[in-house]
Amino acid sequence: MGGTNPYIKAPKTKLPEKTYKIKFLNLNKTVEVDPKKPGHGTGLPMSVLDIALANGIDIDHACGGVVACSTCHIYVKKGLGSCSESAESELDMLDLAPDLKTNSRLSCQCVPNGEEDIEVEIPSWNRNAVREGH
Ligand code: FES
């Protein structure tokens, strides 16, 4: 399941124009993002979730990336300033997420613009789901 929510206005995003890296800290895996290579087709185009899934990193995404859950919660540890701003719909869903922090994002809504490398952490309560490939 994947896509975007037709009932909410898509937030404004700036797509990357050059190659950059996303480091998934607790998986010890770094993905080089090629702006010419499409993502998985889940969540906003070129969102962290879209890129992760396209590279075999299965972050939990119960609603399929349509801002209707908070299972794709991540912490952006580095490069948050280069990520798209959170829309109201994302903030509403993040309010329901456990362990909310100032650098919390929904990975299906977080679109880095590629101006710097970023580092993300998947919360511990979601790590088992990643490891087991749910
Ligand atoms: S997958 Fe449900 S909000 Fe991101």
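Colleague: Why is S47 called buried?

Modeller: Buried means under 20% relative accessible area, exposed over 50% and partly exposed in between, with a 1.4 Å probe and protein chains only. S47 has a relative accessible area of 0%, so S47 is buried. This is a predicted model, in which local features need pLDDT of at least 70 and side-chain atom pairs count only at pLDDT 80 or more, while totals for chains, interfaces and linings use all residues. Residues are numbered from 1 along each chain as its sequence is written, and side-chain values use heavy atoms, with hydrogens and water left out.

Colleague: What is in contact with S47, leaving aside its neighbours within four places in sequence?

Modeller: Contact means heavy atoms within 4.5 Å. On that basis S47 is in contact with T42, S107, C108, Q109, C110 and V111. A polar atom of the S47 side chain also lies 2.8 Å from the backbone oxygen of L44. A polar contact is a pair of N or O atoms within 3.5 Å; within protein, one must be able to donate a hydrogen and the other to accept it, and residues adjacent in sequence count only if both atoms are side-chain atoms.

Colleague: Is S107 buried or exposed?

Modeller: S107 is buried, because its relative accessible area is 0%. S107 is placed in the loop between β4 and β5; strands (E, at least two residues) and helices (H or I, at least four) are DSSP runs, numbered from the N terminus. Among the residues that S107 touches, not counting those up to four places away in sequence, are S47, V48 and C72. The backbone oxygen of C72 lies 2.8 Å from a polar atom of the S107 side chain.

Colleague: What makes β2 and β4 edge strands?

Modeller: Two strands pair if DSSP finds at least two bridges between them. The open sheet of 5 strands has the order β2-β1-β5-β3-β4, with mixed pairing. β2 and β4 each have a single partner strand, so one side of each is left without a neighbour in the sheet.

Colleague: How do you know that β1 pairs with β2 and with β5?

Modeller: β1 (residues 20-24) is joined to β2 (residues 29-33) by 5 bridges, and these strands run antiparallel. To β5 (residues 118-121) β1 is joined by 3 bridges, in a parallel arrangement. K23 stands opposite T30 in β2 and opposite E119 in β5. The covered face of β1 holds Y20, I22 and F24, while K21 and K23 form the uncovered one. In a regular strand the side chains alternate between the two faces of the sheet.

Colleague: What sits over the ring of Y75?

Modeller: A charge sits over a ring if NZ of Lys or CZ of Arg is within 6 Å of the ring centre and within 35 degrees of the ring normal. The charged end of K101 sits over the ring of Y75, 4.3 Å from its centre.
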